[in-house]
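Visitor: Could you walk me through this one? I'd like to start with the overall layout and then get into the details.

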Amino acid sequence: MEKLRRLGTLRFVNACSSLGIGLAGFGTVGSGVWNTLERNGELITGRTGGCVQLHIAKILVRDPAKARANIGEVPAAMFTTDWRALVADPAVHIVVELIGGTTDAFEIVAAALRAKKPVVTGNKALLAERGVELFALSKETNTPIHFEAAVAGGIPIIRTVQDSFIGNRILSFSGIINGTSNYILGRMTDAGLTFEAALAEAQALGYAEADPALDVNGWDAAHKAILLATLAYGFPIDPASIHVSGIEQVRPTDIHFAKSLGYVVKLLAVIREHPDRSVEIRVQPSFIAKSNILASVHGVFNAVAVHGDAAGESLFYGRGAGQDPTASSVVADLVEAGRALGNASGHRGFLPYRENGHVLPVRETSTAYYVRFDVTDRPGVIAEIAKILAEHRIGISGTHSPVNPANPDAEFVDMVFLLHTCPFGKLQDALAEVEKLDCINSEPVVFRIESLG
Ligand SMILES: NC(=O)c1ccc[n+]([C@@H]2O[C@H](COP(=O)([O-])OP(=O)(O)OC[C@H]3O[C@@H](n4cnc5c(N)ncnc54)[C@H](OP(=O)(O)O)[C@@H]3O)[C@@H](O)[C@H]2O)c1
């Protein structure tokens, strides 16, 4: 630590020293970053081969005396209300901007870049409105701005565009990138609520801000669309040049008609490159076919479909906002910034960091099961199989013996059992006994019934 303090703002610090974070903003996302680092700090250090150790050195807030829920003890000396002091503090190597807005946030990010301290931000409004100035400063000072959290919360879509799809010409994006409006439209569709009632419900549940303007007028999604398009197509995009309309205009009648025609209404962001290389960017309530995968994105979830000329179509789905998902993206950016500061960005393969890791034996893995037996068609077969399953304490949730329409009098028939969750080993033991019954003609076929999520 002492060494780091002496090194001050130098870009390359001792790879295995702890890096100090200046956390500007300790609200929903800022406190999520604190909690995530408390919980997973050692994991991060292990995964980076010891090269990235992160600690929070200073926290900027408006009111240091404010009671803060769901957070462990934070030393009072860590808080400041002076952003200049936070940026200038020699113990701060990376500045995280999570205060929101485009005024103070701009000053903080600009000052950090001038001090050659890498910046991590989740502020899409700032980057969409004033990104041109900030990215120019970033280039001039050779100091990066990371912003994974600015688009689709916990979904790693920025990294996907910047890294994973770097070898693709991106043909299009289409996405649901505002969870609040998706929740409201969902409630209008499923519960028949009016826009006003659905908005009030979203606010009561904490899914919408007290001032939900940017969510419902489409501009929150538009800011994110601007960032995606900027990355994919490489030129600054003037917010005034894109088409944005919100969901305030959606009425129950629209929802009703959409349903009767086989559609659902979603606030969709569409970004598409045309053959003349012009880029279409728009955010608006849209009818999409019920069969489209985006139609099944419910509640506050987000999804972005990316079409690359080489990779084809990929879908990214997950939590587009919220404390932990957004903190997950901020922390990923912190590690990237930390790797670069420690000059450790080459170590991107596999670095073993657990001595006692082991794979759960397959016999200990548990799910529910579908088991198909090929049985001789005679009375008592079900009871014989059920008896063995019961002896092994395996519950049965259903049995079925479909008639073979091609041969209704067949001697051998399929007999299907649906079984409750149990360890696979227990099922294997039971089936080994069942197979010995003279009514069983071949090895049973087992499929797992997964309850994903
Ligand atoms: N919430 C999400 O799910 C989410 C998702 C993606 C991106 N983001 C982005 O992340 C950023 C932060 O959002 P949030 O929801 O965490 O906001 P928030 O809960 O309102 O927290 C804001 C924090 O910043 C502090 N702050 C605000 N203005 C300040 C100023 N002028 N000087 C000093 N401190 C100031 C506040 O201090 P006090 O605590 O003293 O009031 C508070 O700690 C925004 O840009 C937002 O768009 C949020």
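Guide: The chain is divided into domain 1 (2-153 + 324-341), domain 2 (157-319) and domain 3 (362-449), with bounds that come from an automatic or database domain assignment. This is a predicted model, in which local features need pLDDT of at least 70 and side-chain atom pairs count only at pLDDT 80 or more, while totals for chains, interfaces and linings use all residues. Residues are numbered from 1 along each chain as its sequence is written, and side-chain values use heavy atoms, with hydrogens and water left out.

Visitor: How far apart are the C-alpha centres of domain 2 and domain 3?

Guide: Those two centres lie 46 Å apart.

Visitor: Now the ligand. How many residues surround it, and which are the closest?

Guide: The ligand is surrounded by 22 residues, and the closest are Asp63, Lys66, Arg68, Asp104 and Gly322; a residue is counted as near when one of its heavy atoms lies within 4 Å of the molecule. By type, the shell divides into 8 nonpolar, 8 polar and 6 charged residues, where Ala, Val, Leu, Ile, Met, Phe, Trp, Tyr, Cys and Pro count as nonpolar, Asp, Glu, Lys and Arg as charged, and the others, Gly among them, as polar.

Visitor: Which atom of the ligand is 2.8 Å from the side chain of Asp104?

Guide: A nitrogen atom of the ligand is 2.8 Å from an N or O atom in that side chain of Asp104. An oxygen atom of the ligand lies 2.8 Å from a polar side-chain atom of Arg68, and a ligand oxygen is also 2.8 Å from a polar backbone atom of Asp63. The cut-off for a polar contact is a pair of N or O atoms within 3.5 Å; within protein, one must be able to donate a hydrogen and the other to accept it, and residues adjacent in sequence count only if both atoms are side-chain atoms. Of the 910 Å² of accessible area that the ligand has on its own, the protein covers 81%, with areas taken from the Shrake-Rupley method with a 1.4 Å probe and, for residues, only the protein chains shown counting as cover.

Visitor: Switching to cysteines, how many disulfides are there?

Guide: The structure holds 0 disulfides, a disulfide being a pair of cysteine sulfur atoms within 2.5 Å. Cys422 is in no disulfide, and its nearest cysteine sulfur, that of Cys439, is 20 Å away.

Visitor: Is Cys422 buried or exposed?

Guide: Cys422 counts as buried because its relative accessibility is 5%, where buried means under 20% relative accessible area, exposed over 50% and partly exposed in between (1.4 Å probe, protein chains only). Cys51 counts as buried too, at 12%.

Visitor: What does the side chain of Asp333 reach?

Guide: The side chain of Asp333 reaches the backbone nitrogen of Glu148 at 2.8 Å and the backbone nitrogen of Phe147 at 3.2 Å. Asp333 sits in helix α12 (residues 323-341), helices (H or I, at least four residues) and strands (E, at least two) being DSSP runs numbered from the N terminus, and Asp333 is buried, with a relative accessible area of 3%.

Visitor: And where is Asn70?

Guide: Asn70 lies in the loop between β2 (53-60) and β3 (79-80), has a positive phi of about 55° although it is not a glycine, and is exposed at 69% relative accessible area.
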